[in-house]
Amino acid sequence: MTELWFTEKQTPHLGLSLRVTKTLFTDASPYQTVEVIDTHEFGRVLLLDGVIMTTIRDEFIYHEMIVHPAMNTHPSPRDILVIGGGDGGAVREAVKYPDVRSVELCEIDEMVVETSKRFLPEIACALTGEPRVRVVIQDGIRYVAERKGAYDVLIVDSTDPIGPAVGLFGTDFYCSCHQALRDDGILVAQTESPFLHSDFIAGILKGLRDAGFPIVKFYTGNVPTYPGGVWCWVMASKRHDPLTDHQAGRLEVLGIRTRYYTPDIHRAAFALPRYFSEALGMA
């Protein structure tokens, strides 16, 4: 019997292979190739230009970790902006907080949003029928530059730093994010693999500091389908420290259910392995 396998080349010398049951969707947008495949091990998988963006089985880890640490550090997160993240997972997690007033999703590629609604409804469920959510199809770099002082939490749920996402990792963009946040605002961004991309991540640290963020802290989590299996994010804040200002009881008080993120995970995630902190010059 013939077996069909998909392989993502995560580096020139490293790949991840998944056995495919069916190809559900494939098309080209003005920005990239968008595909959805169904796999034996991880269920439905969203691919952009042949790179795994999210899977039904492990998406909760990434989406919880890009949202909940900031939402449990800021004392009163009301207005949230998500840049990228067209699958809707970050939006789904943000609207779990009843005090949130608005969540804007700014995604450059409408095909990603519509494909996620169709094939990944478990992830994209908050993109329709949730009155606090507004979807904007626009270049995130330009959109953020026009939104001064509008947000409490800004989440950059970008793809890898290639193609349309390159500008989302630069100092100029971080400066725009700083201006788009209120005086006690928090920026969160995905920052690739600490094991495979440490030199690149060190540049992100410098860019955020140059943009004027006094508090910049990286944290990690385990995402099985992402390069290296360990992923990292950065929290850049104008005022609030994710360790000293952590609202440890907020999830329980609000009755918010998570599958990966907990108060203990929050504290542990910011304890960086020595190889990573040394690469950042923070050891």
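Modeller: Strand S11 and strand S12 (residues 230-237) run antiparallel and are joined by 8 bridges; two strands count as a pair if DSSP finds at least two bridges between them. The strands, like the helices, are DSSP runs numbered from the N terminus, where a strand (E) needs at least two residues and a helix (H or I) at least four. This is a predicted model, in which local features need pLDDT of at least 70 and side-chain atom pairs count only at pLDDT 80 or more, while totals for chains, interfaces and linings use all residues. Residues are numbered from 1 along each chain as its sequence is written, and side-chain values use heavy atoms, with hydrogens and water left out.

Along this pair, Ile-215 has Ser-237 of S12 as its bridge partner, and Val-216 stands opposite Ala-236 in S12. Ala-236 is also the bridge partner of Leu-187, and S10 pairs with S12 in the antiparallel sense over 5 bridges.

Both pairings belong to an open sheet of 7 strands in the order S8-S7-S6-S9-S10-S12-S11, with mixed pairing. Strand S8 (133-137) and strand S11 (215-222) stand at the edges with a single partner strand each, so one side of each has no neighbour in the sheet. From one strand to the next the twist averages 15°, where axes are lines fitted to C-alpha atoms, for helices over the stretch in contact, and angles run from 0 to 180 degrees between N-to-C directions. Helix H7 (residues 198-210) packs on the sheet and touches strand S10 (181-190), S11 and S12, its direction making about 150° with that of S11; contact here means heavy atoms within 4.5 Å.

As for S12 itself, 7 of its 8 residues are buried, so this strand is largely enclosed by the rest of the structure; buried means under 20% relative accessible area, exposed over 50% and partly exposed in between, with a 1.4 Å probe and protein chains only. S12 is among the elements that give two or more residues to the largest nonpolar core, which has 39 residues, with Tyr-219 and Trp-233 among those with the most contacts inside it. Such a core is a set of buried Ala, Val, Leu, Ile, Met, Phe, Trp, Tyr and Cys residues joined through side-chain atoms within 4.5 Å. Helix H1 gives the most to this core, with 8 residues. A second, separate core of 32 residues includes Ile-201 and Phe-218.
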